[in-house]
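I opened this notebook to record what I looked up in the structure, entry by entry.

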Amino acid sequence: MAEPVRTRRIIVAISGASGAVYGARLLQVLRGLPGIETHLVVSDAGWRNLQHELGMERPAAQALAHQVHDVNNVGAAIASGSFQCHAMVVAPCSMRTLAAIAHGLADNLLTRAADVMLKERRRLVLMVRETPLHLAHLRNMVAVTEMGGIVCPPLPAFYLRPQTVDDLVNHSVARVLDLIDVEHQLAPRWQGLEPNAP
Ligand SMILES: Cc1cc2nc3c(=O)[nH]c(=O)nc-3n(C[C@H](O)[C@H](O)[C@H](O)COP(=O)(O)O)c2cc1C
């Protein structure tokens, strides 16, 4: 008899930085994988950007997750360390949300859940997006890194010769899936150059 698949809970948070597509794509991929239960929390600005950048209304985004939590509901399950979660990804992560996490503000459910991940020493990945960066942005990234979080900006890579925006998005999301130990076939992997390649 096949072993039952252990369910891993993953929190996907979408804040109001540009790049709502990263959160949406992450949810789409996780939805298709066995043994994963997704918990979605979206900031008010995140909802605006889902609509603005993707034309995605709330019901469509909510349908991608197993459970959806109101960002103002600090009493939700994911606000407690006793609720076991495998990992949390903030995709994308605004500079406001980064600052709140870096300073332990826990001022809404998104930042509280991130705070819990850090205090429980669980995997937290922030797909931060802003450019250029000022000193406070950089210091906040250092602070989160010192606390054990992973700062993973969705920077495009060109060594796999992307042909479409989808290729670029998938590459960044694939790197995040690697970071949270989720197996996937989302994007090609570097196989190395021939020894004499130019
Ligand atoms: C279309 C649009 C794009 C934005 N892009 C960014 C961005 O890339 N990075 C960022 O830090 N803030 C960006 N912002 C500003 C944030 O949405 C704003 O600071 C908001 O207060 C963040 O709140 P949140 O962290 O609770 O989502 C953008 C806002 C809009 C309307």
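Predicted model: local features only at pLDDT ≥ 70, side-chain atom pairs only at ≥ 80, totals over all residues.

**Entry: helix α4**

With that cut-off I went to α4, residues 95–102, and found the helix mostly covered, with 6 of its 8 residues buried. The buried ones are Met95, Thr97, Leu98, Ala100, Ile101 and Ala102. I then asked what covers the buried residues of α4. The cover includes strands β4 (87–93) and β5 (123–128) as well as helices α5 (109–119) and α6 (135–146). Just after α4, I noted that glycine 104 takes a positive phi of about 60°.

**Entry: the chain as a whole**

I listed 7 helices and 6 strands in the protein chain, and their order along the sequence reads β-α-β-α-α-β-β-α-α-β-α-β-α. The radius of gyration is 17 Å, which agrees with the value near 16 Å that a compact globule of 198 residues would have. Along its principal axes the C-alpha trace spans about 60 × 55 × 35 Å. Buried residues make up 46% of the 198, and the accessible surface comes to about 10600 Å², of which 51% belongs to carbon and sulfur atoms. Taking contacts between residues at least 6 apart in sequence, I found that 76% join residues at least 24 apart. For the charges, the mean positions of the 18 positive and the 17 negative ones are 3 Å apart.

**Entry: helix α1**

I checked the length of α1 (residues 20–31) against expectation: at 1.5 Å a residue its 12 residues should span 16 Å, and the end C-alpha atoms are 17 Å apart, which agrees. This helix is also mostly covered, since 9 of its 12 residues are buried; among them are Tyr22, Arg25, Leu26 and Leu27.

Threonine 38 lies in strand β2 (residues 36–42) and counts as buried because its relative accessibility is 0%. Leaving out residues up to four places away in sequence, threonine 38 touches Ile10, Leu27, Leu30, Leu64, Ala65, His66 and Gln67.

**Entry: backbone geometry**

Which peptide bonds did I record as cis? One joins alanine 91 and proline 92, with omega about 0°, and proline 92 is found in β4. Another runs from threonine 131 to proline 132, with omega near -10°, and proline 132 has its place in the loop between β5 and α6.

I then turned to positive phi values in residues other than glycine. Alanine 106, in the loop between α4 and α5, has phi near 45° and is partly exposed, with a relative accessible area of 25%. Aspartate 181, in the segment after α7 (165–179), has phi near 60° and counts as exposed at 52% relative accessibility.

How values were computed. Residues numbered from 1 in each chain as written. Heavy atoms only, no water. Helix = DSSP H or I, 4+ residues; strand = E, 2+ residues; numbered from the N terminus. Rg over C-alpha atoms; globule rule 2.2 N^0.38 Å. Buried < 20%, exposed > 50% of the residue type's maximum accessible area, 1.4 Å probe, protein only. Contact = heavy atoms within 4.5 Å. Areas by Shrake-Rupley, 256 points an atom, 1.4 Å probe, with all protein chains shown as cover. Lys, Arg positive; Asp, Glu negative; His and termini not counted. Charge placed at Lys NZ, Arg CZ, Asp CG, Glu CD. Expected span 1.5 Å × (residues − 1).
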